[in-house]
Amino acid sequence: MAAPANTGVFVTFEGGDGAGKSTQIRFLARLLEDAGREVVRLREPGGTAVGEELRAVVLDPKNDNLSDEAELLIYEAARAQIVAEVIRPALKRGEVVLCDRYADSTVVYQGYGRGLDIEKLRSLNDVAIGGLWPDRTFVLDMDPADALKRARRRNAELGLSEKEGRFEAEQMPFHTRIREGFKLWAAHNTKRIVVLDAADSPEGLMHQALANIDMFE
């Protein structure tokens with residue numbers, strides 16, 4: 001994927017919790033900034049005042065009684081806001097947008113993970129994003145048991161276990177469905193989604209990503 005320097009580019013990173021998405025976004029952002037690009041780094045849910053408030057609700061382990069449909073609509077509301085408030089304006093300015101999770105996560109987590117209808121999820125995503133899918137999506141694939149250990153360790157180190165540990169508290173069968181769901185969804189979207197081996201070192205993983213993206217010319 002190549003793009004002129006004055007053209008906005010939208011890249012997302014997906015995968016199970018603890019797969020290393022934020023690390024790869026940080027690496028890529030540094031490379032792009034060194035190459036003279038303006039970069040916007042985002043996370044979902046979040047990225048706006050409204051989105052951060054919704055994030056606090058949907059990721060709080062205390063809210064383990066959220067219905068699957070309520071969970072879904074919270075994500076879509078946060079997504080609609082970040083697209084309108086941040087992503088579209090940044091792309092119009094010709095900036096590179098790097099986002100930790102996006103609409104693909106909803107298809108996988110609420111669809112393959114929770115069992116909601118995939119076509120309905122696709123329709124709701126289209127409403128929330130207005131057709132704005134990424135130019136490139138990287139799925140970081142690794143054994144869910146290893147990824148979950150990373151995620152729980154990270155939350156403990158950052159003091160987030162009691163605030164954002166709702167999905168990390170799910171049992172292993174759920175995380176296994178998420179991994180397989182990302183693979184299945186990627187197989188249906190091969191022109192946009194690239195699956196990377198997240199068991200590689202952070203540097204090796206970045207080399208995998210760079211082999212599938214070209215924004216430095």
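Tutor: Let us begin with a term that we shall need throughout: helices and strands are DSSP runs, numbered from the N terminus. Please also keep in mind that this is a predicted model.

Student: Which residues lie nearest the centre of the largest cavity, and which element gives the most to its lining?

Tutor: The lining of the largest cavity is made up of 14 residues, and those nearest its centre are Gly 16, Met 142, Pro 144, His 175 and Arg 179. Strand S4 (136-141), helix H6 (144-158) and helix H8 (172-187) are the elements that give two or more residues to this lining, with H8 giving the most, namely four residues. Sorted by class, the lining of the largest cavity holds nine nonpolar, two polar and three charged residues.

Student: What volume does the largest pocket have, and what classes of residue make up its lining?

Tutor: A pocket, unlike a cavity, is an open set of points, and the largest pocket here has a volume of about 840 Å³. It is lined by 36 residues, of which Lys 21, Ser 22, Arg 55, Asp 100 and Arg 154 are the closest to its centre. By class, 16 of the lining residues are charged, twelve are nonpolar and eight are polar. Among the elements that each supply at least two residues of this lining are helix H1 (21-34) and helix H3 (68-92), while H6 gives the most, with seven residues.

Student: How should I read a nonpolar core, and which residues have the most contacts inside the largest one?

Tutor: A nonpolar core is a set of buried residues joined through side-chain atoms within 4.5 Å. The largest nonpolar core has 23 residues, and Val 11, Phe 13, Leu 98, Phe 138, Leu 140 and Leu 196 have the most contacts inside it. Its largest share, five residues, comes from H1. Leaving aside residues up to four places away in sequence, Phe 13 touches Ile 25, Leu 28, Phe 138 and Leu 140, among others. A second, separate core has 16 residues, including Ile 82, Val 83, Ile 87 and Leu 132.

Methods. Residues numbered from 1 in each chain as written. Predicted model: local features only at pLDDT ≥ 70, side-chain atom pairs only at ≥ 80, totals over all residues. Heavy atoms only, no water. 1 Å grid on protein atoms, 1.4 Å probe; cavity = no way out; pocket = protein on both sides within 12 Å on 5 of 7 lines; lining within 4 Å. Nonpolar A, V, L, I, M, F, W, Y, C, P; charged D, E, K, R; others polar. Points joined across faces, edges and corners; volume = space filled by probe spheres on them. Buried < 20%, exposed > 50% of the residue type's maximum accessible area, 1.4 Å probe, protein only. Contact = heavy atoms within 4.5 Å.
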